[in-house]
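Subject: Structure handover and notes

Dear colleague,

I am passing on the structure that we talked about, and I would be glad if you could read these notes with it open beside you.

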Amino acid sequence: MSGHDRVKRQLSVSSDSKLLDDDIREETRVILRPKKPPRPKSEVLLNQQGSDHRRTKRFSAFGGDSPFGKSEAYIKLEQLGEGSYATVYKGYSNLEHKVVALKEIRLQEEEGAPFTAIREASLLKELKHANIVTLHDIVHTRETLTFVFEYVHTDLSQYLERNSGGLDPRNVRLFLFQLLRGLSYCHKRRVLHRDVKPQNLLISEIGELKLADFGLARAKSVPSHTYSHEVVTLWYRPPDVLLGSTEYSTSLDMWGVGCIFVEMITGMAIFPGVRDTYDQLDKIFKVLGTPTEEVWEGVTRLPGYKPHKLGLYQPKKLGLYWPRLHDVVQGENMATSLLQLNPQDRIGADDAMIHPYFNGLPKKLLELPDDVSIFSVEGVILTPGHYSGIK
Amino acid sequence: MNDLLCCETTAIENRAYIDPNLLNQRVLNNLLKTEERYMSASFVNVQKEVTPHMRKIVAEWMMEVCDEQNRQDEVFPLAMNFLDRFLMVCCISKRQLQLLGTVCMLLASKLREPKPLLAETLVFYTDHSITKSDLWSWEVLVLSKLKWDIAAVTPQDFLSHILRRLPILSIGIPYELVNSHSKTLIALCAREYNFSGYPASLIAAATVISALCGLGWINKSGESVEDLLNRLHNITSIEQDYLKTCTKQIESMVSQTTDDNIDETLPRPNEFTPPPTNEKFIDHESAGTPTDVRDVHF
């Protein structure tokens, strides 16, 4: 039983065993990129590094012999935005001599690294795709955690503002295809984005669209996962979730895609709810009709289905409501497939990519390797200039 | 945040429905392809003090904490995945093992659960032998060591893929029963060092075989064990020999565990720091009230 005693002591961690020694702390330098695994470091080397006082305060995600992971490697430029747990700066990488986006996350006294940050970084490590923002590096200090992302010059929200009145239908088709391509990749890897909205879709100068902000995303394995209920900004939130359905999945992201598709064509958010859930539902039902058991089995049993709070509307043809949808072949059809009230009827990302709406695009686009941009295919190019309706 | 509305209730957890988009062959193939990345190898050559036996003790403690805190089934196996992978790359002293286990639970919970475990609760379970500041230092250490690669594939991820592809209902076995038996077996495997080097798909397939045999598949289906092995082989492409060996190991583990349980009528050796008996805390927890645990001051 002497073994037992030893173990007993071992696990009764006493308070003097608190912190990492500096040696171990120094050992935290590891390389982020999966393609270049770090060489295991010898103790001797580690101790040498330990004598470098400038470094002892920092945990770095990159190797000790690598210039990555060091905060000096990046120059912080102007602030780009502020979120609930992070501030985003434009930055400059002294290593790669290019502009980057620095997402600086404050470490919390009460919860440590925010779960959103943990989810975002760990999921992005798994997701390497031309239509998903690239995470280059992670730097940590005692107080902050900085994610170094590729810098993409604008997002769809700003892009729509600059091109008011709707985008060129040819560009809409390219953006939609890329959005579906990114989501299909995520869904195949059992990741839901859960916060699809124009602000989270980055647009590069040549028109590449990249899904960003995976703070609310999560890897899922079906069906045992739990979700927090309210995750999507109201405007892009599907009716099933608004009605209190707790059973959402990939269809959650697809509703947002439908909203964004029509928004790109018309230039206006299509369901800009202002007050609450019921206002949001009212906006949706005015167009798509108030759902009944006939069109959506089980809808009346959803916890939020309160007939006295819901107006009674007949469904309309989307093309009548948004005539611009007729400017493009199959535009109305595509919108209808995406904006289905019943989540089970909503088209999936894969099927949407082969929808006849995309018939005009080169077939090659469906066979591109994950990390290749659609703009590498000949003839695929963003149409410049302001779109002023059909001639 | 104005446009976000919270109607979340704490009593019910939201469960994802069975989404065909997430159960198709491509998702399964991706899982099979990525699981290798999250496999661990033996740590005995890396660790100078920590032994497989100590791992088991800390694992049992972690399982108990997850259990008492009603954590999702996958939190414990995922935490063990982090722990094994960490031990593979970083030598620690045995005094730090419980701290490591605690951090792994915290990370697994943050990654997978809508309401992650609270640091305070975890510190309490270690009898305050670790502090929150230990947790935060080690959180970053573990993340770095694992290269932030923590969205790991676990046996649970394969479970529904496998179960959906077996005619369980038509053979007359309740689906939920197979599901829950398999999950229990997965947790028991995660506790054992022997299984730590196995791919997640193999653990999942073998636990399903054990669960089905335990629930009378052979009698009810009229199929032989070989037929069942063959079915699992067709789903996961794992060699039948491996499936057979792993299933046997699970069965002997289960019979051992059952034997151990008989001994548990004796007072249990106090191998890990037990939570202090704090009436208020225990009442609060067992009542399962939706009150925020943060309201409780220890």
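Which residue just after α3(B) takes a positive phi? That residue is B:N70, with a phi of about 50°.

Before going further, please keep in mind that this is a predicted model, in which local features need pLDDT of at least 70 and side-chain atom pairs count only at pLDDT 80 or more, while totals for chains, interfaces and linings use all residues. Residues are numbered from 1 along each chain as its sequence is written, chains are lettered from A and ligands numbered from 1 in the order in which they are written, and side-chain values use heavy atoms, with hydrogens and water left out.

Chain B as a whole

Chain B has 15 helices and one strand, where helices (H or I, at least four residues) and strands (E, at least two) are DSSP runs numbered from the N terminus. Of its 298 residues, 55% are buried, a word that here stands for under 20% relative accessible area, with exposed meaning over 50% and partly exposed in between (1.4 Å probe, protein chains only). Among the contacts in chain B with a separation of 6 or more, 78% are between residues 24 or more positions apart, a contact being heavy atoms within 4.5 Å.

Helices of chain B

Helix α3 of chain B covers residues 52–68, and its 17 residues should span 24 Å at 1.5 Å a residue, which agrees with the 24 Å between its end C-alpha atoms; the expected span is 1.5 Å times one less than the number of residues. The buried residues of α3(B) include B:M54, B:I57, B:W61 and B:V65.

Helix α5 (residues 97–112) and helix α7 (residues 132–145), both of chain B, pack at an angle of about 70° with their axes 9 Å apart, the axes being lines fitted to C-alpha atoms, for helices over the stretch in contact, and the angles running from 0 to 180 degrees between N-to-C directions. The two are therefore roughly perpendicular (65 to 115 degrees, with under 35 counted as roughly parallel, over 145 as roughly antiparallel and the rest as oblique). Among the residues that meet are B:L99, B:V103 and B:L106 in α5(B), and B:L135, B:W138 and B:V142 in α7(B).

Because 13 of its 14 residues are buried, α7(B) is largely enclosed by the rest of the structure. Just after α7(B), B:K147 has a positive phi of about 55°.

One buried residue of chain B

B:I168 lies in helix α9 (residues 168–171) of chain B, and it counts as buried because its relative accessible area is 1%. Leaving aside neighbours within four places in sequence, its contacts include B:Y175, B:L212 and B:W217.

Aromatic rings

Over all chains, the whole structure holds 14 aromatic pairs; rings of Phe, Tyr and Trp (its six-membered ring) pair if their centres lie within 6.5 Å, and planes under 30 degrees apart count as stacked, over 60 as edge-to-face and the rest as tilted. One of them joins A:F177 and A:F358 edge-to-face, at 5.2 Å centre to centre and 75° between the planes. This pair links distant parts of the chain, since A:F177 is in helix α6 and A:F358 is in the segment after α12, 181 residues apart. Both A:F177 and A:F358 are buried.

With best wishes
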